[in-house]
Amino acid sequence: MTSLSLNNVKKHFGRTEVIRGVDLSVDDGEFVVFVGPSGCGKSTLLRMISGLEDISSGVLKIGNRVVNETPPARRGVAMVFQSYALYPHLNVRDNMGFGLKVRKVPIDERARRVMEAARTLKLEPLLDRFPRELSGGQRQRVAIGRAIVGDPEVFLFDEPLSNLDAELRVHMRSEIASLHKRLGSTMIYVTHDQIEAMTLADKIVVLRDGLVEQVGTPRELYERPGNLFVAQFIGSPKMNILPVGSVAKALPVRPDSAAHVGMRPEDLKLTDPGSGLVSGKVLLSEYTGASSLLHVELPDGEIFLVAYDGPTIDADTTLGLTIAPDRLHFFDSAGQRAS
Amino acid sequence: MTASLTRRRIRIINQICWTLALCIVAIPFVFPFLWMVSSGFKSAAEIFGSPSLVPREWQWQNFIDVFKHQPFARQYLNSLYIAVTVTALTLLVSSLAGYALARMRFAGAALVALFLVSALMVPEEVTIIPNFFMMRWAGLVDTHWPLILLPTFGPQGIMATFLMRQYFLALPKELEDAGKMDGLSRLGVWWSIALPMSRPALAAVAIITFLNSWNLFLEPLIFVSSLDKFTLPLALSNFTDPYGMPLWHLQLAATSLAVIPILVVYIIAQRQIIESFALSGVKG
């Protein structure tokens, strides 16, 4: 186990700056998830930590060592790739033991560590198979096994579940969570899947355009988003945002600096038309099983999303929407949280 | 039941028709080869006297005389070791150069690629005189070095480099990243990951290079003058009487012997050869 810190870390590709000064600290044994829209730099940042990408400026420390110039294999990190990156010409046993072989670990020790990892991941019956003979989930387990055998200080996961189907993804997610619990290692995980981020993370780092927008626990990010971007990025369906002016009369109290008000779809309650915070007409009702997602058009044309678990509501029904005052989120004109 | 029998009958008739058609089409391709082998067993007079594929009298002596006429065993060995050396060297150079061009970002990479492509556009015959002067300056005339160096670093080597480059470009980059995470150097990634994954391309390069080197005629003709340094294509043209007239029975017997390694390679690696022509886009 070890901690990790990034101090004003930047990355340029030619004239393009993709990581624009990231400061972050990751504690011993912490599970940190990088999330953000495509192209925000989360995978680049992970590759910089792994050593696969150079750091243009700033300082990266793993433990107490500055590792900016340290080759990947000497950083004490292991990486699980999105495409698994298993060597197709080697069987599972050799895939898992390859890194140890390169590091000239004695053959007995290598075999012992491979067996140990295989036992942990229930891969023993598959050791003599080749990657092409494995299912997606099995390949993913082998990729994780390959990371485990090296006994790294930090595990790096680059969207490891994105190639799996929905059911397998849920299963592998719980396996990764239990692996983290069992090993207690520091893990950094990149995903664009919010459910993965919320369920796995001790700490989520939201990135946008190469900058950290907010760092916090899943609950903090969901309940107290630091700005409009995080408010709308975290949570599915995303938060509804309105200018404060359009609902000013209906708002009981609000901060002086508030320019926007945010309401999560699951916090909104239905009421009679004209009696709530806003009123609107149902455009579409999407039944999702556990609940329905209503698309409500407000008089100014704005579409509000409402999570609703009552009886079916037909399109064109007019209704009012209300919300508990403590579930409102206010943001100032710069988009920062107003309190 | 009846319908299935009828279907089976139609399938069998279909197969017979196709086989017959293919046999007929194959005759022009196979006949010269059969004629060559059978003529190797005929006397010089019978070759042009009888069109039959079966010799009237089997002249086994032809195959002994081939070795008496000139140092044919030595020449055979020359061809074999030169072809093997050129193949091994080409595999090494083309895979290293191809990997560098495919995966390494270095100043002037595009220029290097452009130079290589330009070199491909110059016919070999045009460069043979400057090459001769270069080899003479290096003191390599009448040695086997030109027959090894020119194919390795000449147009055939460049073709092989491009073939390898294209193959390496298609390999997933994440595998190389995984290799680096496992502690491999750049050369280690090439050796332990890129090469084992490029077996089809390596097989293609090996087969094409071996065949080219085995059949090389112009370079031996220009660079080699000693009889014991001849390679097979040159040796085959040397079965002549004192007046320079070809001794066809010996020439055809020797040619029959010369195709043996090619036939062996073809029988062993039939599938890879067909794949290699598909992969490289060259004809056999």
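A: In this predicted model, the lining of the second largest pocket is made of 13 charged, eight nonpolar and two polar residues. The space inside this pocket comes to about 620 Å³. Of the 23 lining residues, those closest to the centre are A:Gly51, A:Leu52 and A:Asp54 from chain A, with B:Lys180 and B:Arg186 from chain B.

Three elements each give at least two residues to this lining: β1 (4-13) of chain A, and α4 (72-103) and α9 (173-181) of chain B. The most comes from α9(B), with four residues.

Between the two chains, 15 residues of chain B are in contact with 22 residues of chain A. The area buried between them is about 1500 Å², and carbon and sulfur atoms give 64% of it. On the chain B side, B:Glu174, B:Met181 and B:Asp182 lose the most area to chain A, together 47% of what that side buries.

One salt bridge is found across this interface. It joins the side chains of A:Arg47 and B:Asp177, at 2.8 Å from N to O. Six residue pairs are in polar contact between chain B and chain A, counting pairs with both residues at pLDDT 80 or more. Both α9 and α10 (186-197) of chain B supply at least two residues of the side that touches chain A. The residues of that side divide into seven nonpolar, five charged and three polar.

Technical notes
Residues numbered from 1 in each chain as written. Chains lettered and ligands numbered in written order. Predicted model: local features only at pLDDT ≥ 70, side-chain atom pairs only at ≥ 80, totals over all residues. Heavy atoms only, no water. 1 Å grid on protein atoms, 1.4 Å probe; cavity = no way out; pocket = protein on both sides within 12 Å on 5 of 7 lines; lining within 4 Å. Points joined across faces, edges and corners; volume = space filled by probe spheres on them. Nonpolar A, V, L, I, M, F, W, Y, C, P; charged D, E, K, R; others polar. Contact = heavy atoms within 4.5 Å. Buried area = accessible area lost by both parts, 1.4 Å probe. Salt bridge = Lys/Arg side-chain N within 4 Å of Asp/Glu carboxyl O. Polar contact = N/O pair within 3.5 Å; in protein donor to acceptor, adjacent residues only side chain to side chain.
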